[in-house]
Amino acid sequence: MEHGQDWRASRLLGNENWTLRRGEQVTLRAAQAEDGAAVRGMVEGLSRESRYFRFLTGGRVADEVVEALVAPGARGMALVVTAPAADGGAEAVVANGQFVVTGHGTAEFAVVVADAWQGQGLGRRVIGRLLQLAQAAGMRRMRGDVLSENRRMLAILRDLGFSCRRNPEDSFLHEATLAFGTAGADTVTRLPAGWFGAR
Ligand SMILES: CC(C)(COP(=O)(O)OP(=O)(O)OC[C@H]1O[C@@H](n2cnc3c(N)ncnc32)[C@H](O)[C@@H]1OP(=O)(O)O)[C@@H](O)C(=O)NCCC(=O)NCCS
């Protein structure tokens with residue numbers, strides 16, 4: 001089922017307009033290669049803590065890592081959340097989420113929200129969409145590595161049903177996993193039209 005599959009997130013996801021808690025309008029959509037510069041801009045603007053939580057570095061994030069945020073390879077999907085520029089210029093990317101298939105029906109995911117946009121429900125919603133995409137793509141489980149000090153991320157994931165365990169080989173990391181049950185590979189064929197937009 002995974003082989004020869006169309007891994008473009010745009011196949012499963014249209015543009016979704018969301019209103020955030022403070023009233024700002026943002027759009028969630030599939031990431032495109034052309035989003036690379038805007039995603040680099042978001043990454044450059046991250047606080048040291050956010051950069052460390054997402055990329056395990058306080059320094060410059062390598063170009064290939066940023067490229068993978070919008071083009072996660074032959075078997076993966078990526079999302080961006082954009083906001084209109086205040087001055088009418090190019091839209092800004094304010095959040096990114098992506099997953100890659102690491103084998104045996106497992107999708108490994110990560111997410112980041114620009115600091116000024118955190119705490120408004122964006123991270124939770126992006127993770128929710130990643131879960132739906134991974135499930136629709138036939139994945140059996142989602143997993144991610146989270147720094148043990150990243151209380152916010154661990155709280156969100158536990159709330160979404162993930163099991164979060166301290167990595168026995170590295171106490172700085174927690175492993176978060178969520179099994180999708182038996183729905184598996186056939187789910188996508190059973191999704192009603194508008195399924196993503198309705199949630
Ligand atoms: C982690 C991250 C993705 C969360 O996104 P976000 O948009 O800020 O989070 P949300 O607004 O969706 O959710 C916040 C939730 O976290 C919880 N939370 C917030 N601060 C918390 C804290 N200090 N301790 C515990 N839980 C906390 C609350 O339960 C809150 O839930 P609510 O929606 O009911 O208020 C975002 O903060 C981020 O990008 N951080 C830096 C990069 C990172 O850590 N990425 C994850 C790498 S694995």
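**Close-up views of a predicted model**

**View 1. Helix α1 lies across β3 and β4.** In this predicted model, helix α1 (residues 36-44) runs at about 100° to β4 and lies across β3 (76-83) as well. Axes are lines fitted to C-alpha atoms, for helices over the stretch in contact, and angles run from 0 to 180 degrees between N-to-C directions. Contact requires C-beta atoms, placed from the backbone, within 7 Å. Helices (H or I, at least four residues) and strands (E, at least two) are DSSP runs, numbered from the N terminus. Residues are numbered from 1 along each chain as its sequence is written. Local features need pLDDT of at least 70, side-chain atom pairs count only at pLDDT 80 or more, and totals for chains, interfaces and linings use all residues.

**View 2. Eight strands form an open sheet.** The order is β1-β2-β3-β4-β5-β6-β8-β7, with mixed pairing. Strands pair if DSSP finds at least two bridges between them. β1 (16-19) and β7 (163-167) are the edge strands, each pairing on one side only. From one strand to the next, the twist averages 25°. Strand β4 (residues 92-103) pairs with β5 in the antiparallel sense, over eight bridges. Alanine 95 has valine 113, in β5, as its bridge partner.

**View 3. The ligand is surrounded by 22 residues.** Near means that the C-beta atom of a residue, placed from the backbone, lies within 6 Å of the molecule. The closest are Phe53, Gln118, Gly123, Arg124 and Ala155. Two or more shell residues come from each of α2 (48-55), β5 (106-113), α4 (122-136), β6 (141-147) and α5 (151-159). α5 gives the largest share, five residues. By class, the shell has ten nonpolar, eight polar and four charged residues. Ala, Val, Leu, Ile, Met, Phe, Trp, Tyr, Cys and Pro count as nonpolar, Asp, Glu, Lys and Arg as charged, and the others, Gly among them, as polar.

**View 4. Helix α4 is largely enclosed by the rest of the structure.** Twelve of its 15 residues are buried (20 or more other C-beta atoms within 10 Å of their own, C-beta atoms being placed from the backbone; exposed is 12 or fewer, partly exposed in between). Among them are Leu122, Gly123, Arg125 and Arg129. Just after α4, glycine 138 takes a positive phi of about 90°.

**View 5. Arginine 48 is in helix α2.** Arginine 48 counts as exposed because it has 10 C-beta neighbours inside 10 Å. Glycine 59 is eleven residues away in sequence and 8.0 Å away in space, C-alpha to C-alpha.

Terms used: Two residues are in contact if their C-beta atoms, placed from the backbone, lie within 7 Å.
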